[in-house]
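User: Hi! I am new to protein structures and would like to learn how to read one. Could you walk me through some features?

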Amino acid sequence: CIKAICVEDNIVQVVPVICNPPPKPTCTNGLSPVQVIDEDGCCWHWECDCYCLGWGDPHYVTFDGLYYSYQGNCTYVLVEEINKKVDNFGVYIDNYHCDTRDVVSCPRTLIVRHETQEVRIATVKPNTLQVEVTVNRQAVALPYKKFGLSIYESGINRVVEIPELKMNVTYNGLSFSIRMPYSLFGNNTQGQCGTCSNNTADDCMLPNGNIAQNCETMADHWQVVDPSKPQCSPGLIPTKAPSITPMQPCKESAICELLLGSVFEPCHSFVQPEKYYAACIFDSCVLPNLDLECSSLQIYAATCADQSVCIDWRSHTNGVCSYKCPSDKEYRACGPIKERTCKSSEQNETSTKQVEGCFCPNGTMLYDSSVDVCVKTCGKFYCFTWVHFGEKFTVDCQDCICLEGGSGIVCKPHECAKQNKTRCDGEGFHEVNEVNLEDSCCPIVTCKCNTSLCTTKAPKCTLGFEVHSHIPSGQCCPVYQCVPKRVCVHQNAEFLPNSSVFVDKCQNCFCTNEVNISTQLNIISCEHIPCDTYCEPGYERQPVKGECCGRCVQTKCVIHTASNSNLILSPGEFKNDPYNNCTIYSCVNIHNQLISSTSEITCPAFNEESCKPVSKYRKPTLYSMHRLHHPTPCSVRERKDFIVYKGCRSENRVVMTECEGTCGTFSLYSAEANSMDYSCSCCRESRTTVKEVKLRCPNGHSISHKYTYVEGCSCRDTEC
């Protein structure tokens, strides 16, 4: 840190490096920045460490201080590198459902991977501070140090340190913390702890690099493969977890109020308590019988201790959050991070950070970090350098006494107090050896429930029903049943009460709150849409496929008479005009098309010569004429009528002609032929022309139609 400056003529000026203190930044996670030595080793600068927390059921604070809660029950990535610089590096959390309703979860195992080693710190008993440590699935004694990784006890915590990376991970069964230097991991972390960038905007980053709307959604996407949880798999589209809201307004826990009160007030200016208070209220309302709110106070106190503010808080919880130590240790809220031992007593401890835990009583000290024995002095005249002559002690589960002379030590197997025989009856129960805090050599045999041993699987419920489970008192395995969701079901879809249900376009339907007793589903109520039932005369309303109200279909002919009145005729019906008996109206059905026609009767020309007096007593001038039965000559007769052809009809009546009259037709006896002789002739057309008329069809189109018009008639011979 001294610079040599060549001035001139072999003149060298030696000056010290001057360091100007940089301005102190503000860390978004609310913690104090730390001093980091520059690469030249002379000056320093400020950095905001990456500090992630998790506790309760569970609640998270990301590296940059963003708070959220998440209820997944899989194994997840807490932190991995985006750009891999360290081989096989990552921190993971194994969560499980910690209540009978399967709606909230708690941490079960914290996993740290570094190069060839995998450290697992697992909770021995749910919702306690009892944990066990394994490395590569093998149990190890603490302290452990191998291949650049060390594990040790620090108060109530187990700490995993990787000195090369300047990081440490702590876990105690209820909460975890991860501290990493910004200089090595800044802008290069991903997972449920977010991106360490001193900016909360990118904390909810997904594995594909996109930013989710909230971290609850983001957390679902960081599942990892766990053989013990086949229902969990990376890449599956997660189902959004239901919001956990107490059914009734929840009374705030008095323990949570401690966070905002005078007990923690010395820390308020260093660490804001609001997020921890919100988590505490949540835990006390959703899981009121598990005392999980203690974890919010514990993690807040630990964060305060990390900022060199020690809070003795457990004595203010009326025993709810008390912590029991072994008989040879005493509880302290503010003990050293690494307890002083006979081998380390002469080292100077300059750290101001403290932790809570069980420590040797005043006037004694721990002999060694690997030998959990408190001694009064570290003298020279001992059997094991730490045991006086005549003193009894236990080592490696052997009861020993230190004697002067001979081998010096006499040992025998440690005797355990007699325990009542424990029987594990019932599905799911199995025997478990728990650590005895009073005597670590004599485990306590208890019956534990392991739901993975249960054979009954949750049923698959039909639409409108969902699985509910509960564990009867004294049993381990849950009992499942399908209970109605209080919804309506139609065509493989569920509908909430008061929502519209589409049955068909002719009905207005909605889901009611009324329940069908037999199906246990809500009833769908429908009303037919209103219809106009009126039809014009001659029309009737008939059902039509695809229409709600049917359609007015013509079933009778509607004829407008010459007197501007309407005449209604059924198919096949004939009727005379009410005012003109010589006009006849008719209705026919041709190919489902109603055709009306009008016919007018025309009389032949009057022939006076064919008349005779009605009475010979009347005067000739007063003759009343009467048509005789004399033959009518063959002639052309005209009439007006509609022309109908293939369902099409002329727009107006058309003048049509025909031949009518009698011709010489007779039969007489021929004596010569001795048989009847016949002569026949008929009145037929002798001269015709072709005329053209326009016909209107039912579909609205018009066609041109040609017909024969008779211009002259005569008698023609024909075969009899």
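User: Let's start with strand 17: how many of its five residues are buried?

Analyst: First, the idea: buried means under 20% relative accessible area, exposed means over 50%, and partly exposed lies in between, using a 1.4 Å probe and protein chains only. Strands (E, at least two residues) and helices (H or I, at least four) are DSSP runs numbered from the N terminus. Here, four of the five residues of strand 17 (residues 167-171) are buried, so this strand is largely enclosed by the rest of the structure. Keep in mind that this is a predicted model, where local features need pLDDT of at least 70 and side-chain atom pairs count only at pLDDT 80 or more, while totals for chains, interfaces and linings use all residues. Residues are numbered from 1 along each chain as its sequence is written, and side-chain values use heavy atoms, leaving out hydrogens and water.

User: Which strands pair with strand 17?

Analyst: Two strands pair if DSSP finds at least two bridges between them. Strand 16 (residues 157-162) pairs with strand 17 in the antiparallel sense over five bridges, and Tyr171 in strand 17 is the bridge partner of Arg158. On to strand 18 (residues 175-180): it pairs with strand 17, also antiparallel, over four bridges. There, Val169 has Ile178 of strand 18 as its bridge partner.

User: What lies in the turns of these hairpins?

Analyst: Between strand 16 and strand 17 there are four residues, and Lys166 in that turn has a positive phi of about 55 degrees. The hairpin of strand 17 and strand 18 has three residues between its strands, with Gly173 in the turn at a positive phi of about 100 degrees.

User: Now for charges. How many salt bridges does a search of the whole structure find?

Analyst: A salt bridge is a side-chain nitrogen of Lys or Arg within 4 Å of a carboxyl oxygen of Asp or Glu. The search of the whole structure finds 17. One of them joins Asp94 and Arg108, at 3.4 Å from N to O. Asp94 belongs to strand 9 (residues 90-97) and Arg108 to strand 10 (residues 105-114), so the pair ties together parts 14 residues apart in sequence.

User: Is Asp94 buried or exposed?

Analyst: Asp94 counts as buried, at 8% relative accessibility, whereas Arg108 is partly exposed at 31%. You can read another pair in the same way: Glu118 and Arg113 form a salt bridge with their closest N and O atoms 2.9 Å apart. Glu118 is buried at 15%, and Arg113 is partly exposed at 27%.

User: Which residues are linked in a network of salt bridges?

Analyst: That network links Arg637, Arg639, Asp641, Glu658 and Glu660. Within it, the side chains of Glu658 and Arg639 meet at 3.4 Å, N to O.

User: How do I describe two aromatic rings?

Analyst: A pair of aromatic rings is described by the distance of the centres and the angle of the planes. Rings of Phe, Tyr and Trp (its six-membered ring) pair if their centres lie within 6.5 Å; planes under 30 degrees apart count as stacked, over 60 as edge-to-face and the rest as tilted. This structure holds ten aromatic pairs. Among them, Trp55 and Tyr276 are stacked, 5.2 Å centre to centre with 20 degrees between the planes. Trp55 sits in strand 5 (residues 50-55) and Tyr276 in helix 5 (residues 274-286), 221 residues apart. Both Trp55 and Tyr276 are buried.
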